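Subject: Handing over the model

Hello,

Here is the structure I promised to pass on to you. Have a look at it first, and then read on for my notes.

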Amino acid sequence: MDRVSADDLELADYRQLVQGLKYCVLLHDATTYEILWANKAACRLLEWTVDELKPLKAPDMSKNARQYSRELGHRWLRRAVDHGESATEWCYRSKSGEEILTEAIAIRVELPSRPIVMVQFRDIAEEKATQRDLFRTEGRLRAFLRNLAEGIVVLDEDGVVAFASESAAQLLDVDVTALTGSDFARFCDPPSRRVLSESIEKTSKGAPPQDSRYRLATPGGDPKWYAGTCQYIEIESDLRGHLLLFHDISDRVRTEEEHRRDTQYLNHLARYNAMGDMAMAIAHEVSQPLAAAYNFVEGARSRLGDSGPVDNAQVAWGLENAKRQIERSSQILKSLRQYVVRLEQSEQLIDLNAIVRDCLYFIDLRAQQHSVALALDLTAEPLPVRCEKVLIGQVVMNLAFNAIDEMARWPVRQRRVELATRRSDGHAELVVRDYGQGLSAMPGGKVFDGVFTSKENGNGIGLALSHRIITRHRGHIRAAEHTPHGAAFSFGLPSAHP
């Protein structure tokens, strides 16, 4: 088939081509600006026929607003006549009164018969609405990014800032244009550079987001602490790299440091308080085994001084018991010294039942002295705890001795003390029960503050010291009434696993 040349096209062919355009076309006289012709697309959009359009003027077919007046319309067409082309946004009004915002281009065309202005236009109302939505969304996003408490930067593989939010620039006290394109490492102190480098390396290999702390500042500025999350992103081919989200945690770090200093200071004070406790414990605890040892030695000496035959077995028994009481005093002093220095250094894994059994000899001696019946109910299975066994042994004996001393004031037939162990809510517990006057003498409910005692010459130091020892072991100690009468003192230590 022969190629059709432009010369082979008839006038009717051109008219059909223009009628087939999706663009609207209006032809204006280049001198009077009157409408000469319109294609089908223009007639369809404006809802007028060509004959109806020809006599219309600008006010008849334009929005009633100053920027669409006849004078401004002529000025727009005149620019096309004078310069060959002129573009504008023009709001036409259809026959039914609908206002149609268009993008319009006026072009001067020299026809053989006369010069004309050909106006091509299209409806852009939907595009404008979309554009307004985009501008509004973009404006909101900018406002959000600007007012975020969190900074956002995207770093390329070399650590250069490919994108930075205004909030990031504000956090670092630098202009966003100066931040973009800069080496982010220059804002980090040396340790933070290593952390950032490791996070980038890990996320580059597909690792999940990395949470870290960074110490950032502009060169020469005061550094602040930031919590940051680093992850790899790839948004089409437009933006790829390592997204770093960070926010200021300087106040939190400062609070943590103050808390750490306060804790150290409190530990310092606690050690000094423990030294006071140790002095009280020496007076309260060591005096008892020393007094017992003295009595045993005195008994042995009196037997040796008798004129009659010497009972070697009794003397040996007295000296052996004196030795055990002195060894107990030595253990108490050693344990309290360790307690003051550092409790954790002397902790060990041990069965609570074993601690109670180790204390039974001394408890039984005290019970025999006061004719108190001792009942023991220990669990068949071990109750492992992590503790300093001599200190916990002291608590066991404190509670038992208090119960025995309380019962010594009652008729012999009523003198009974019970020791029992049990497992309860993840704790290994010991309970000591007596049948005395109970807690009625307790002043204001303060059993463990160093005041409460039912003894004539007591000072309550044993209970206060026991409370401090148990709480330092992360346990609890309690006092309750015992039915039908008496008191039940108990303590619990967290169960441990071998």
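Axes are lines fitted to C-alpha atoms, for helices over the stretch in contact, with angles from 0 to 180 degrees between N-to-C directions. Helices (H or I, at least four residues) and strands (E, at least two) are DSSP runs, numbered from the N terminus.

Two words on how to read the rest. This is a predicted model, in which local features need pLDDT of at least 70 and side-chain atom pairs count only at pLDDT 80 or more, while totals for chains, interfaces and linings use all residues. Residues are numbered from 1 along each chain as its sequence is written, and side-chain values use heavy atoms, with hydrogens and water left out.

The chain as a whole

The chain has 14 helices and 17 strands. Of its 498 residues, 39% are buried, where buried means under 20% relative accessible area, exposed over 50%, and partly exposed in between (1.4 Å probe, protein chains only). Among the contacts with a separation of 6 or more, 56% are accounted for by residues 24 or more positions apart.

Two strands pair if DSSP finds at least two bridges between them.

Strand β6 (residues 150–155) is joined to strand β10 (residues 239–248) by 6 bridges, and the two run antiparallel. In that pairing, I152 has L245 of β10 as its bridge partner, and G151 stands opposite F246 in β10. Between β9 and β10, also antiparallel, there are 10 bridges; Y232 is partnered there by H242 of β10.

Back to the helix. The 15 residues of α9 should span 21 Å at 1.5 Å a residue, and its end C-alpha atoms are 21 Å apart, which agrees; the expected span is 1.5 Å times one less than the number of residues. Buried in α9 are S192, L196, S199, I200 and T203. They cover an arc of only 100° around the axis, which puts them on the same side of α9; the arc is that of the directions from the helix axis to the C-beta atoms. What covers these buried residues includes β6, β8, β9 and β10. Just after α9, G206 takes a positive phi of about 95°.

Helix α5

Helix α5 (residues 70–83) has 14 residues, which should span 20 Å at 1.5 Å a residue, and its end C-alpha atoms are 20 Å apart, in agreement. G73, W76, L77, A80 and V81 are buried in α5. Seen down the axis, the buried residues of α5 fall within an arc of 145°, so they line one face of the helix. They pack against β1 (24–29), β3 (85–93), β4 (99–110) and β5 (115–123). E71, D82 and H83, on the other side of α5, are exposed.

The mixed sheet

There is an open sheet of 5 strands with the order β12-β14-β15-β17-β16 and mixed pairing. Its edge strands are β12 (373–377) and β16 (476–481), each pairing on one side only. The twist averages 15° from one strand to the next. β16 pairs with strand β17 (residues 487–494) in the antiparallel sense over 6 bridges, and I477 has F491 of β17 as its bridge partner.

Helix α12 (residues 352–369) lies across β12, β14 (416–424), β15 (427–433) and β17, running at about 170° to β12. Helix α13 lies across β14, β15 and β17, at about 175° to β17.

E406 counts as buried, at 6% relative accessibility. A polar atom of the E406 side chain lies 3.0 Å from the backbone nitrogen of Q437.

Best wishes

Technical notes: Contact = heavy atoms within 4.5 Å. Polar contact = N/O pair within 3.5 Å; in protein donor to acceptor, adjacent residues only side chain to side chain.
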